[in-house]
Amino acid sequence: FVMSVPASEADPSYPEDETILVQGIIDAWFPEGDEIVLVDYKTDRVKEAGELKKRYEKQLAYYQQALELTTGKKVKEKIIYSLALDEELVL
């Protein structure tokens with residue numbers, strides 16, 4: 001996906017009246033009833049899954065925004081799956 005977002009959303013030091021383009025590739029998503037579950041796989045070697053939340057929470061927020069805009073459905077759950085820890089983290 002490619003979408004424009006307010007520049008200040010990406011970095012508060014950027015001017016509020018400017019936009020930037022954000023692009024990404026969503027690993028996986030699936031419908032569950034009338035809503036969507038978003039899944040992102042990570043290979044980072046971390047000691048605990050909470051580290052991944054700090055690193056990728058904003059990225060998954062953009063993925064959520066892109067999915068909701070393109071499908072018209074709400075994302076009900078965002079999951080980061082750590083391959084290194086063999087563990088999932090629900091955001």
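This is a predicted model: local features need pLDDT of at least 70, side-chain atom pairs count only at pLDDT 80 or more; totals for chains, interfaces and linings use all residues.
Local features require pLDDT of at least 70 and side-chain atom pairs pLDDT 80 or more, whereas totals for chains, interfaces and linings use all residues. Residues are numbered from 1 along each chain as its sequence is written, and side-chain values use heavy atoms, with hydrogens and water left out.

**Exercise 1. Overall fold**

Determine how many helices and strands the chain has, and in which pattern they follow.

Solution. Step 1: assign the elements as DSSP runs, with helices (H or I) of at least four residues and strands (E) of at least two, numbered from the N terminus. Step 2: the count is 2 helices and 6 strands. Step 3: along the sequence these elements follow the pattern β-α-β-β-β-α-β-β. Step 4: along the principal axes, the C-alpha atoms fill a box of roughly 40 × 35 × 15 Å. Step 5: of the 91 residues, 32% are buried (under 20% relative accessible area; exposed is over 50%, partly exposed in between; 1.4 Å probe, protein chains only).

**Exercise 2. Salt bridges**

Solution. Step 1: apply the criterion, a side-chain nitrogen of Lys or Arg within 4 Å of a carboxyl oxygen of Asp or Glu.

Step 1: Glu32 belongs to strand β3 (residues 28-32) and Lys76 to strand β5 (residues 74-82), so the pair links parts of the chain 44 residues apart. Glu32 is partly exposed at 35% relative accessible area, and Lys76 is partly exposed at 41%.

Step 2: Asp44 lies in the loop between β4 and α2 (50-71), and Arg55 in helix α2, 11 residues apart. Asp44 counts as buried because its relative accessibility is 16%, while Arg55 is partly exposed at 45%. Shared partners join Asp44, Glu51 and Arg55 into one network.

**Exercise 3. A charged patch**

Identify which residues form the negative surface patch.

Solution. Step 1: the patch consists of Glu48, Asp86, Glu87 and Glu88. Patch residues have over 30% relative accessible area and no salt bridge, with like charges joined within 9 Å. Step 2: Glu87 is in strand β6 (residues 87-90) and counts as partly exposed because its relative accessibility is 38%.

Conventions:
Patches are made of residues with over 30% relative accessible area and no salt bridge: like charges are joined within 9 Å, nonpolar side chains (Val, Leu, Ile, Met, Phe, Trp, Tyr) within 5 Å. Accessible areas come from the Shrake-Rupley method with a 1.4 Å probe; for residues, only the protein chains shown count as cover. Lys and Arg count as positive and Asp and Glu as negative; His and the chain ends are not counted. The place of a charge is taken as NZ of Lys, CZ of Arg, CG of Asp or CD of Glu.
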